[in-house]
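Here's a short tour of one fold, meant to be read with the model open beside it. We'll start with a pair of helices, then move on to the sheet and end at a single side chain.

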Amino acid sequence: MSGPTSPPPDPTFDRFADRYDESLQQGLSVSGESKDYFAEQRIRWLAARLNELKFVPQHILDFGCGTGSATPFFRAVFPNAAIVGTDVSTRSIETARKKFGACGAEFHALAGYQPDREFDLAFCNGVFHHIPPADRPQAVDTVARALKPGGWFAFWENNPWNPGTRIVMSRIPFDREAITLAPPEARRLLRASGLQVRRSDSYFYFPRALRALRCLEPALARLPLGAQYLVLAQRPD
């Protein structure tokens, strides 16, 4: 793992901090669902996978937390966990503190914040397609370094193999120029930082209009075609 560095603030997401939800909904509206639906389902899916491992996180890092909108869902599913959100956008961190500081979470700008073996679970969602490919190994190193030995990294990303994902991203101002990464690329990226990939699932196959079919999604999880995918990796002991 490389040594710690402090990334510069992100002016792109500073510009969108005050209207992030509105901009995101421009794309998600084609699914018939709100961002909260997806945020809640991601965390519940993750919790079910961790429950299979008989693992209950006590100290959670939300890497690339944005405006902190996942915080209440973490709190609902993991009520006893300490939650820390971090992001390169200082404006987004300010918004997160205002909106969700009362949930008992902490929020820190990534610049200057260098946790070391403090967390037993790190989570990110839709972060790495905004990181230039050349900088992605360093970002994974940052997360891996933050994990305790045996800690888990829940890596959610948008799946470029799903045509609906491409449509949604084309409608979101801050996603249009993003460089996506497919599931095999994500797994290679995590392994290159010394993490051990334990599981890979895809999720979100059916829009709201076909919600009666969502009961099939667990059976489809091993097919890499859902709108998003989860790679669950572990830092070695």
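## Two helices crossing

How close do the axes of helix α6 and α8 come, and at what angle do they cross? In this predicted model, the axes of α6 (residues 136-146) and α8 come within 9 Å, with a crossing angle of roughly 60 degrees. That angle makes α6 oblique to α8, since anything from 65 to 115 degrees would count as roughly perpendicular and anything under 35 as roughly parallel. As for handedness, α6 goes past α8 in a right-handed crossing.

Zoom in on the side of α6 that meets its partner and you'll find R136, P137 and V140. Across from them, α8 brings E185, L189 and L190 to the meeting.

Now for the strands. Seven of them form an open sheet, and reading across gives β3-β2-β1-β4-β5-β7-β6, with mixed pairing. The edges belong to β3 (106-109) and β6 (196-203); each has a single partner strand, so one side of each is left without a neighbour in the sheet. Going from one strand to the next, the twist averages 20 degrees.

For a look at one pairing, take β1 (residues 59-63) and β2 (residues 82-87): they run in the parallel sense and are joined over five bridges. Pick out H59 and you'll find its bridge partner in β2 is A82.

## Helices on the sheet

Helix α5 (residues 90-100) lies across β2 and β3, and it runs at about 170 degrees to β3.

Let's finish on Q228, which sits in strand β7. Is Q228 buried or exposed? Its relative accessibility is 7%, so Q228 counts as buried, the cut-off being under 20%.

How values were computed:
Residues are numbered from 1 along each chain as its sequence is written. This is a predicted model: local features need pLDDT of at least 70, side-chain atom pairs count only at pLDDT 80 or more; totals for chains, interfaces and linings use all residues. Side-chain values use heavy atoms; hydrogens and water are left out. Two strands pair if DSSP finds at least two bridges between them. Helices (H or I, at least four residues) and strands (E, at least two) are DSSP runs, numbered from the N terminus. Axes are lines fitted to C-alpha atoms, for helices over the stretch in contact, and angles run from 0 to 180 degrees between N-to-C directions. Contact means heavy atoms within 4.5 Å. Buried means under 20% relative accessible area, exposed over 50%, partly exposed in between (1.4 Å probe, protein chains only). Angles under 35 degrees count as roughly parallel, over 145 as roughly antiparallel, 65 to 115 as roughly perpendicular and the rest as oblique. A crossing is left-handed if the near helix is turned anticlockwise from the far one by less than a right angle, and right-handed if clockwise.
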